Amino acid sequence: MNNKLLYLLLTSMFVGVVLVFANIEAETNSQTPATEKSEVEGAPFDKMMAVLTHKRCVNCHPSSDYPRQGEDRHVHNFGVQRGADNHGMPALRCESCHQHENNDFSGVPGAPEWSLAPRSMAWEGLSRVEIAKSMLDPTKNGGRTLEETVHHLTEHELVLWAWEPGVDANGNPREKPPVPKDEYIEAVKAWAAAGAVIPEK
Amino acid sequence: MKISFNINGQPQTVDVDGNTPLLWVVRDVLHLKGTKFGCGKAACGACTLHVEGEAVRSCSYSVKFAEGKRVTTIEGLGTKENLHPVQQAWIEEVVPQCGYCQPGFMMATAALIEKVPNPTDEDIDNNIVNICRCATYYRMRKAIHRAAELNQSSKQIDQ
Ligand code: FES
Ligand code: FES
């Protein structure tokens, strides 16, 4: 009888301990962010263009001389303008506020070479096919070869900032492109390696 | 983290978190209270100072970026005996009202007239986008033109 009681007691203690650990594990798991998933299925071109048409890219590839900003792509506050060298006006430079990295205190984003894309690289308002064509056109892409374009798209720190966009002035995280960085880089390289074919639409 | 820079002609070393905004190092560590805090979000320009002669909004500038650089605040712009043209013009045009925004405007103007010696109204609109709650913009514009004039003539005298 006594042995039976002891057995029951030990078994219930063991079950209790297992349950407590299971619970801790469940909580820990729920805190671990899930691996970033792509919101875009499809060919490498589709994945690449889903990124390049995202606001993190297009805001600084405007069709006018005014940068855009924010999730709603509003015209940059304070009448900020492109200027002669795409880095702003003589005494109101991009670098007056944007430094080499994000500033989490002010919510001002930053990355090396923070500036607008030259006017010839305006993407705002273009379809993804038009953007891709302009990217491959040396008269518009700054005379880049395909290899150099791929380098810009996959290694330029300013471009890759899109996946580290920091927080806005209210401390809210900025939206990232819909395809994870590694998957995007892979897609760009695969698209280029397969001949950089631009579909009809 | 130890950061060394030159401020208003004096070498300085501070030991702070490198991400501290330069504004707070200037005000709270170096006790130079002329540079003001307005918004903390690079929106108003009250905190404008110069880094290597460029106007910078110091509330959004981590002090670590100042390493080895030349920083100028309103305290270093001129002296009572030898006013900077911007200071002279500001006095002549009696620009300030409450005064809070003025150091930022003056630093932004000092940078402007170095780059655009004869700014038009359009240049002023495009480059000086600070905010003045007392709306001294009208006098400010006159003072900016006057500062440019004084700066030009002081340069001619120097030559
Ligand atoms: S306090 Fe820096 S811009 Fe307002
Ligand atoms: S003088 Fe009062 S805010 Fe400008």
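Me: Are A:Phe45 and A:Trp191 buried or exposed?

Reply: Both A:Phe45 and A:Trp191 are buried (under 20% relative accessible area; exposed is over 50%, partly exposed in between; 1.4 Å probe, protein chains only). This is a predicted model: local features need pLDDT of at least 70, side-chain atom pairs count only at pLDDT 80 or more, and totals for chains, interfaces and linings use all residues. Residues are numbered from 1 along each chain as its sequence is written, chains are lettered from A and ligands numbered from 1 in the order written, and side-chain values use heavy atoms, without hydrogens and water.

Me: How many aromatic pairs are there over all chains?

Reply: A pair of aromatic rings is described by the distance of the centres and the angle of the planes. Rings of Phe, Tyr and Trp (its six-membered ring) pair with centres within 6.5 Å; planes under 30 degrees apart are stacked, over 60 edge-to-face, the rest tilted. The whole structure holds six such pairs. In one, A:Phe45 and A:Trp191 have ring centres 6.2 Å apart and planes at 45°, so the pair is tilted.

Me: What are the distance and angle for B:Trp24 and B:Phe37?

Reply: Their centres lie 5.2 Å apart with planes at 45°, so this pair is tilted. B:Trp24 is partly exposed, at 30% relative accessible area. B:Phe37 is partly exposed too, at 33%.

Me: Where does the charged end of B:Lys64 sit?

Reply: Over the ring of B:Phe65, 5.6 Å from its centre. The rule: NZ of Lys or CZ of Arg within 6 Å of the ring centre and within 35 degrees of the ring normal.
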